[in-house]
Amino acid sequence: MAHSEKSTKNLDQALRPADWSEYVGQPSIKENLRILLQAAKGRSHQPEHVLLYGPPGLGKTTLAHLIAKEAQSSLRSTSGPAIERVGDLASILTNLSPGDVLFIDEIHRLNRTIEEVLYPAMESGVLDIVIGKGPAARTVQLELPAFTLIAATTRISMLSAPLRSRFSGGTFRLAYYTEDEIVKILKRSSDILEIQIDDESLREIAQRSRATPRTANYLLKRARDFADVNGEKLILKTVKKALALLEVDEGGLNQIDRDILLLVIEKFGGGPVGLKTIAAALSEEEATIEEVHEPYLLQIGLIERTPRGRTVTKKGYEHVGADAPKKQSPLL
């Protein structure tokens, strides 16, 4: 199977849509952004600041690149954890050129002191810096070039209300993708990577992708690697073997996801059981279970959160091949 040089470079960058026509899904967000950008262009104004939020892998960074391209602007990228001091933010802002788009990923990880410096920069285009300490301290106000801030976060609840309110261009939540949308994305990715794969195999990968493009592309690349190394054609049988090796089942669950379900069923009678107990029993961090594994289990209805803890639903029992308790609520 021949591959172009594209497939040996930065694959994530190669697979990123280059224009709006290639961006699959999120129709409402795309239309809102189109209106925002065209209105700004018609008035010769800088596009207003935009906040994108949602689970990882749904295309927030890609949207930032497309907005910058549509606005015919340069994109400067950074992240919340990378901005440790006020001076870091001041350096980034003062080095922007007029019309630039600044993309801050994981903006919820900015500390409050830095957030407060960002407010006037977003609202009035000025940077207030305090020089000195004590009675000798003075404030210096610097004019900033016109810029658009695009921020992305997976934890919008961690953003302060004053910061959220300053995204005058809109706050948009990215939704999970449908299976058909994932198949379209995989077809495009397979064309770019020159992967010969049938529609049935693409559908199989889409079903196990957790409704997330990044996961779908990851599974496609690993299936390709498996086929190449083993000298097999990328047909449904090969794809299933590759996904089995990755321990990804028909529902997109990995081994830890299944371990969570089996633990609650076998050791705690299906629940309810607390997050701390689950984390301790699996030797995993609470945050990993709550932020990485639990959202998908909740989304597809395999577990429920109750005031007393997590419980496995009837669907969850069926997924791991266990019998649900007879006295279980019909809703479960």
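Q: Hi! At what angle do helix 4 and helix 5 pack?
A: In this predicted model, helix 4 (residues 86-94) and helix 5 (residues 112-123) pack at about 25°, and their axes are 9 Å apart. That makes helix 4 roughly parallel to helix 5, since angles under 35 degrees count that way.

Q: And is the crossing left-handed or right-handed?
A: Helix 4 passes helix 5 in a right-handed crossing.

Q: Nice. Which residues meet there?
A: From helix 4 you have Val86, Leu89 and Leu93, and they meet Thr113, Ile114, Val117, Leu118 and Ala121 of helix 5. The contact divides into 7 nonpolar residues, 1 polar and no charged.

Q: Switching topic: how many residues are in the largest nonpolar core?
A: That core has 44 residues, and Leu33, Leu186 and Ile197 have the most contacts inside it. Helix 9 (residues 213-230) gives the most to this core, with 6 residues.

Q: What does Ile197 touch?
A: Leaving aside residues up to four places away in sequence, Ile197 touches Ser190, Leu202, Ile205, Leu220, Leu234 and Val239. There is also a second, separate core of 24 residues, which includes Ile104, Ala121, Met122 and Leu159.

Q: One more: is Leu297 buried or exposed?
A: Leu297, which lies in helix 13 (residues 286-299), counts as buried because its relative accessibility is 0%.

Q: What does Leu297 touch, then?
A: Beyond residues up to four places away in sequence, Leu297 touches Leu253, Asp257, Ile260, Leu261, Leu302 and Ile303. Leu261 is 36 residues from Leu297 along the chain, with 9.0 Å between their C-alpha atoms.

Key. Residues are numbered from 1 along each chain as its sequence is written. This is a predicted model: local features need pLDDT of at least 70, side-chain atom pairs count only at pLDDT 80 or more; totals for chains, interfaces and linings use all residues. Side-chain values use heavy atoms; hydrogens and water are left out. Axes are lines fitted to C-alpha atoms, for helices over the stretch in contact, and angles run from 0 to 180 degrees between N-to-C directions. Helices (H or I, at least four residues) and strands (E, at least two) are DSSP runs, numbered from the N terminus. Angles under 35 degrees count as roughly parallel, over 145 as roughly antiparallel, 65 to 115 as roughly perpendicular and the rest as oblique. A crossing is left-handed if the near helix is turned anticlockwise from the far one by less than a right angle, and right-handed if clockwise. Contact means heavy atoms within 4.5 Å. Ala, Val, Leu, Ile, Met, Phe, Trp, Tyr, Cys and Pro count as nonpolar, Asp, Glu, Lys and Arg as charged, and the others, Gly among them, as polar. A nonpolar core is a set of buried Ala, Val, Leu, Ile, Met, Phe, Trp, Tyr and Cys residues joined through side-chain atoms within 4.5 Å. Buried means under 20% relative accessible area, exposed over 50%, partly exposed in between (1.4 Å probe, protein chains only).
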